[in-house]
Amino acid sequence: MLEPLRRIAAYAVCADSRGRVLLVRASERSGTPGTWSLPGGAVDHGEDPNHTVVRETAAETGLSVAVSGLADVLADMRALPDRGITIHTDRLIYRVAVRGGTLADRVGERPTDLARWYTLDEARKLPLRSFTARALGLPASSADVVPDEAPEFPSFYAVPGPDGLHRAQRFAAYAVCTDPAGRVLLTRVSDGYPGAGCWHLPGGGTDYGEQPGAALIRELVEETGQTGRLVELLGVASHRDAASLGPEGYPIDWHGVRAFYRVVVDKPNPLTVADVGGSTCEARWFGREELGALPTDRLTEVTAEAVQAAQLT
């Protein structure tokens, strides 16, 4: 049996004036040596993914980049039998532009060793990581070994941090959800959970092996009884609570990375909360004026940020 792991990572889609894209090659220190991918890497605990992609691109290529926007959010699993692990990675794909620096290789220093500019036709012939092929709109690659099925993995996973405080990093997907009348659907956080009593976006943590869009539609049904239609990716929010208190009963250094999407419910059903006793105690439709009148302290951080991004107030 392979030990299951999860991580969140951020990557750069960077093109030059000639339309070439920036790629890096995995070194012998990596789990997939010789494969090519977008520059990027794991999001550190508490780190904003925007900063991750800038930091990792500089470390792997010698180039300083500026983030211009979010291109996609996707997830994948890969098995590394030689290491005895299988990894689920939630990948945030950003569009970036070079603002300075000199392209440099990192031989012997990192899990990547070469950095090169390639046309899409040239990249098509390389052994690309699957997420990189998808991000570039190229045919799917077979460079990754994919496990036959997702392993068992807890939805909540906290580990002791370097300061002795438990820490947890979690990826989640949430919906800015509207109906044909323009109402916005929110859920209320149950007592005993962080943000208790506040109104929140429907959604939640993704399961191991699950794509964020599929997780969001599933969570929408479980929390509100509504069947939604995914319209577009709006953005990603990153929030850290250094001493969050929840049903575990002890402080947790909590880092949540949350993708939020625009979702439409074409035919609203009666509102129901299926997960009785969970983190959601109520679901309610709000008119635009009602939503705008809610005090800021009655909304969770991600809700306020997503509602503003969707220009709903």
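First a definition: helices (H or I, at least four residues) and strands (E, at least two) are DSSP runs, numbered from the N terminus. This is a predicted model, where local features need pLDDT of at least 70, side-chain atom pairs count only at pLDDT 80 or more, and totals for chains, interfaces and linings use all residues. Residues are numbered from 1 along each chain as its sequence is written, and side-chain values use heavy atoms, with hydrogens and water left out.

I start with Arg-262, which lies in strand β14, residues 252–264. The cut-offs here are under 20% relative accessible area for buried, over 50% for exposed, and partly exposed in between, with a 1.4 Å probe and protein chains only.

Which residues does Arg-262 touch, not counting those up to four places away in sequence? They are Val-176, Arg-229, Leu-230, Val-231, Glu-232, Leu-234 and Ala-310. Contact means heavy atoms within 4.5 Å. Take Glu-232 from that list: Glu-232 and Arg-262 are 30 residues apart along the chain, and their C-alpha atoms are separated by 5.3 Å. Their side chains are joined by a polar contact of 2.7 Å. A polar contact is a pair of N or O atoms within 3.5 Å; within protein, one must be able to donate a hydrogen and the other to accept it, and residues adjacent in sequence count only if both atoms are side-chain atoms.

Next, the rings. A pair of aromatic rings is described by the distance of the centres and the angle of the planes. Rings of Phe, Tyr and Trp (its six-membered ring) pair if their centres lie within 6.5 Å; planes under 30 degrees apart count as stacked, over 60 as edge-to-face and the rest as tilted. The structure holds five aromatic pairs. In one of them, Tyr-11 and Phe-131, the ring centres are 4.5 Å apart and the planes stand at 50 degrees, so the pair is tilted. That pair links distant parts of the chain, with Tyr-11 in strand β1 (residues 3–14) and Phe-131 in helix α3 (residues 130–135), 120 residues apart. Tyr-11 is buried at 3% relative accessible area, and Phe-131 is buried at 2%.

Another pair is Phe-153 with Tyr-157, which is tilted because the planes are at 50 degrees, with centres 5.4 Å apart. Tyr-157 is partly exposed, at 49%. Ring pairs also link Phe-153, Tyr-157 and Tyr-208 into a cluster.

Back to Phe-131 for a charge. The charged end of Arg-91 sits over the Phe-131 ring, 4.1 Å from its centre. The criterion is NZ of Lys or CZ of Arg within 6 Å of the ring centre and within 35 degrees of the ring normal.

Now the sheets. Strands of a sheet pair through backbone hydrogen bonds, either parallel or antiparallel. Two strands pair if DSSP finds at least two bridges between them. An open sheet of four strands has the order β4-β1-β6-β5, with mixed pairing. Why do β4 (40–42) and β5 (63–80) stand at the edges? Each has a single partner strand, so one side of each is left without a neighbour in the sheet. From one strand to the next, the twist averages 20 degrees. Within this sheet, β1 and β6 (residues 85–101) pair in the parallel sense over 12 bridges, and Leu-5 stands opposite Ile-87 in β6. Helix α1 (residues 49–61) packs on the sheet and touches β1, β4, β5 and β6, its direction making about 90 degrees with that of β5. Axes are lines fitted to C-alpha atoms, for helices over the stretch in contact, and angles run from 0 to 180 degrees between N-to-C directions.

Three strands form another open sheet, in the order β3-β2-β7, and the pairing is antiparallel. Its edge strands are β3 (36–37) and β7 (112–118), each pairing on one side only. With β10 (residues 184–189), β9 pairs in the antiparallel sense over two bridges. The hairpin of β9 and β10 has five residues between the strands, and Gly-182 in it takes a positive phi near 85 degrees.
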